[in-house]
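Subject: Structure handover

Hi,

Here is the structure I promised to pass on. Have a look at it first, and then read my notes below.

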Amino acid sequence: MSQTTLVIGGTKGLGYELAKHFTQTGPVIVTGRTEPVHQEGISWVRHDLNDTTSVQALVSDLPKIDTLVIAAGYLQSGELAKLSAEEVVTMVTVGLTAPTLILRALLAKQEYLPGLLTITSTSQWTPRRNEPVYTAIKGGIEMLSYSLSKDPAVGRVLVAAPSGMKTEFWSGVGNDVSEFLEPGFVSETIYKDWTENTENKFREIGILRQPTRIEIRKVD
Ligand SMILES: NC(=O)c1ccc[n+]([C@@H]2O[C@H](COP(=O)([O-])OP(=O)(O)OC[C@H]3O[C@@H](n4cnc5c(N)ncnc54)[C@H](OP(=O)(O)O)[C@@H]3O)[C@@H](O)[C@H]2O)c1
């Protein structure tokens with residue numbers, strides 16, 4: 001039976017790679033601010049997560065969603081006092097508030113969400129002096145996802161936390177990403193885990209590098 005997937009932050013990078021995998025099960029809708037490269041089976045809805053007033057309209061226009069993938073994110077570097085108040089609020093809005101509001105509206109609308117796949121980062125487990133708000137939103141959305149796995153309105157939940165990947169996430173930073181993971185490999189690993197481990201209400205995995213490996217961190 002055809003299943004519909006919504007990928008929040010699916011216009012490029014890991015979210016786009018995951019979107020391509022999910023076309024195997026049915027139509028995929030990706031959201032983001034920029035139009036993705038055309039791909040059969042994927043449609044794009046322009047949406048800026050920093051505009052929380054648009055969440056209700058976004059969700060109202062959606063068909064029934066079988067799997068929600070939350071993949072949006074961006075890099076923010078700087079000790080807390082060096083970030084502007086606006087930068088702090090934007091990171092929390094894009095990384096936690098808007099995804100939470102989308103989940104809330106979706107659950108209110110369709111009463112049951114069979115699958116939730118949340119992309120965090122190894123930053124959800126690792127304190128980082130220069131990424132205090134980023135680590136906070138990743139830790140926060142992990143706990144939101146874990147809590148929702150206890151809600152009968154949600155079918156099953158996978159939290160996937162990758163290490164550094166070669167994506168536009170790092171554009172303009174000038175760091176060496178040559179040893180980072182390929183997003184195609186990470187998406188394949190996550191999709192395999194998602195399709196092969198359907199028995200648990202909650203799973204949490206890390207996709208790590210040096211050496212490249214998969215760690216199962218939580219099963220519930
Ligand atoms: N790359 C890494 O090293 C790394 C490591 C660990 C975890 N992660 C996490 O992996 C996920 C995917 O990142 P990526 O590496 O694939 O980065 P990416 O290539 O830059 O993709 C980020 C995605 O997030 C969307 N996004 C960002 N800000 C948004 C906003 N204000 N409104 C709507 N969409 C927004 C982007 O869409 P638009 O630009 O079209 O709006 C894009 O689809 C993120 O959650 C990131 O935190 C990345």
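Which backbone oxygen lies 3.0 Å from a polar atom of the side chain of S187? That would be the backbone oxygen of G184. The pair counts as a polar contact, meaning N or O atoms within 3.5 Å; within protein, one must be able to donate a hydrogen and the other to accept it, and residues adjacent in sequence count only if both atoms are side-chain atoms. S187 belongs to helix α5, residues 183-196, and with 1% relative accessibility S187 counts as buried. (Buried means under 20% relative accessible area, exposed means over 50%, and partly exposed is in between, with a 1.4 Å probe and protein chains only.) Helices and strands here are DSSP runs, H or I of at least four residues for helices and E of at least two for strands, numbered from the N terminus.

Some ground rules before the rest. This is a predicted model, in which local features need pLDDT of at least 70 and side-chain atom pairs count only at pLDDT 80 or more, while totals for chains, interfaces and linings use all residues. Residues are numbered from 1 along each chain as its sequence is written, and side-chain values use heavy atoms, with hydrogens and water left out.

The ligand

The ligand sits in the largest pocket. A pocket, on a 1 Å grid over the protein atoms alone, is an open set of points where a 1.4 Å probe fits, with protein on both sides within 12 Å along at least five of seven lines; a molecule sits in one if more than half of its atoms lie within 2 Å of its grid points.

There are 29 residues around the ligand, and R33, T34, Y134, T167 and W170 come nearest. To be near, a residue needs one of its heavy atoms within 4 Å of the molecule. By type, the shell splits into 11 nonpolar, 13 polar and five charged residues.

An oxygen atom of the ligand lies 2.8 Å from a backbone N or O atom of L14. For A71, the distance from a polar backbone atom to a ligand oxygen is 3.0 Å, and for G9 it is 3.2 Å. On its own the ligand has 870 Å² of accessible area, and the protein covers 96% of that. (Those areas come from the Shrake-Rupley method with a 1.4 Å probe.)

Helix α1 is largely enclosed by the rest of the structure, because seven of its 10 residues are buried. Those are L14, G15, Y16, L18, A19, H21 and F22.

The peptide bond from Q210 to P211 is cis, with omega near 0°. P211 lies in the loop between β7 (202-208) and β8 (213-219), and Q210 is found in that loop as well. Q210 also has a positive phi, near 55°, in a residue other than glycine, and at 56% relative accessibility Q210 counts as exposed.

E111 is not a glycine either, yet its phi is positive at about 65°. You'll find E111 in the loop between α3 (85-110) and β5 (113-119), and its 62% relative accessibility makes it exposed.

Distances across the fold

F202, in strand β7, is buried at 0% relative accessibility. Although F202 and L148 are 54 residues apart in sequence, their C-alpha atoms are 9.2 Å apart. T195 and I141 are also 54 residues apart along the chain, but their C-alpha atoms are separated by 22 Å. T195 lies in helix α5 and is partly exposed, at 39% relative accessible area.

R203 is in strand β7 too and is buried, with a relative accessible area of 7%. Its C-alpha atom is 20 Å from that of L6, which is 197 residues away along the chain.

Cheers

Terms used. 1 Å grid on protein atoms, 1.4 Å probe; cavity = no way out; pocket = protein on both sides within 12 Å on 5 of 7 lines; lining within 4 Å. Nonpolar A, V, L, I, M, F, W, Y, C, P; charged D, E, K, R; others polar.
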